[in-house]
Amino acid sequence: MKKNIGATLALYPCPVIVVGAMVDSKPTWTLVAHAGTVAHSHLMISLVKSHYVNQGIRENKKLSVNIVDESWLKAADRMGIISGNKTDKSNEFSYSIGENGAPIIDDAKVSIECEADGNYELENFDNFICKILATYADESVLNEKGKIDYNIFKPVLFEFPTYEYFVTGKKVGNCAKMNG
Ligand SMILES: Cc1cc2nc3c(=O)[nH]c(=O)nc-3n(C[C@H](O)[C@H](O)[C@H](O)COP(=O)(O)O)c2cc1C
């Protein structure tokens, strides 16, 4: 029998990302798990208003979404426990500037460059609506058709209720081909 455990964040685990933006011409990085797809063209990134990175997104509109894998999880995790409000994070990662001006983490095998063209403010969160401008993928995670192969690329998933990290697992089916 199912038990109502209250209004919890049960739509987890979800990929964990490091959001990058420029503040005062320097990059800053923030670990984020409240993120998702809205329409085929946009992502939504949900950030507590007082976070330092929000300043850069509000001012420059440009941001990067760097998908975390296990190879750089420890460095990514650090971006969730220190704040640019107190600590300069500009030297935490080797980075490049994307075609649209957002800082992109070199260690990330998949990074998405976005432009924030909306903000659905809710409670104490900026929910930035982010148009996808470009996707940078390391050739090592691409298949022969040039698509990201998730048998090779294993994003780290974050699980909110217990604060644990997982990685994506084995393939269990072919979409839309399982019913005859
Ligand atoms: C696993 C994990 C996931 C997090 N997800 C979010 C999130 O989705 N939104 C958010 O506002 N903060 C999130 N945080 C908290 C911020 O990463 C953290 O407060 C950070 O220090 C803010 O940095 P900033 O002030 O430099 O932007 C998360 C932290 C951890 C450890």
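Predicted model: local features only at pLDDT ≥ 70, side-chain atom pairs only at ≥ 80, totals over all residues.
Student: You mentioned β3. Where does β3 sit in its sheet?

Tutor: β3 belongs to an open sheet of 7 strands, in the order β3-β2-β6-β9-β10-β5-β4, with antiparallel pairing. The edge strands are β3 and β4 (35-38), and each of them pairs on one side only. On average, neighbouring strands in this sheet are turned by 35° against each other, direction ignored.

Student: What about α1, which strands does α1 touch?

Tutor: α1 packs on the sheet and touches β2, β3, β5, β6, β9 and β10 (125-137). The direction of α1 makes about 60° with that of β2.

Student: Let's go into the middle of the sheet. How many bridges join β6 to β9?

Tutor: Strand β6 (residues 62-67) is joined to strand β9 (residues 110-119) by 5 bridges, and the two run antiparallel. In that pairing, L63 stands opposite C114 in β9.

Student: What else is L63 in contact with, leaving aside its neighbours within four places in sequence?

Tutor: Besides C114, the contacts of L63 are V19, G20, A21, I57, A102, A116 and C130. L63 also turns up in the largest nonpolar core, which has 37 residues. Together with I17, V18, V19, A21 and I45, L63 touches the most other members of that core.

Student: Which strand gives the largest share of this core?

Tutor: That would be strand β2 (residues 17-23), with 6 residues. As background, nonpolar side chains in soluble globular proteins tend to be buried together.

Student: Back to the sheet, what does β10 pair with?

Tutor: β10 pairs with β9 over 9 bridges, in the antiparallel sense.

Student: How many residues lie between the strands in the hairpin of β9 and β10?

Tutor: There are 5, and in this hairpin E123 takes a positive phi near 50°.

Student: New topic: S90. Where does S90 lie?

Tutor: S90 is in the loop between α2 (73-78) and β7 (95-97).

Student: Is S90 buried, exposed or partly exposed, and why?

Tutor: S90 counts as partly exposed because it has 17 C-beta neighbours inside 10 Å. A residue needs 20 or more to be buried, and 12 or fewer to be exposed.

Student: What does S90 contact away from its own stretch of chain?

Tutor: Leaving aside neighbours within four places in sequence, S90 is in contact with K26, P27 and T28. S90 and T28 are 62 residues apart along the chain, yet their C-alpha atoms are separated by 5.4 Å.

Student: Last one: what is the order of the sheet with 3 strands?

Tutor: The order is β1-β11-β12, in an open sheet with antiparallel pairing. Its edge strands are β1 (14-15) and β12 (164-167). Strand β11 (residues 156-159) is joined to β12 by 4 bridges, and L157 stands opposite F166 in β12.

How values were computed. Residues numbered from 1 in each chain as written. Core = buried A, V, L, I, M, F, W, Y, C linked by C-beta atoms within 7 Å. Contact = placed C-beta atoms within 7 Å. Pairing = 2+ DSSP bridges. Axes fitted to C-alpha atoms, helices over the stretch in contact; angles between N-to-C directions.
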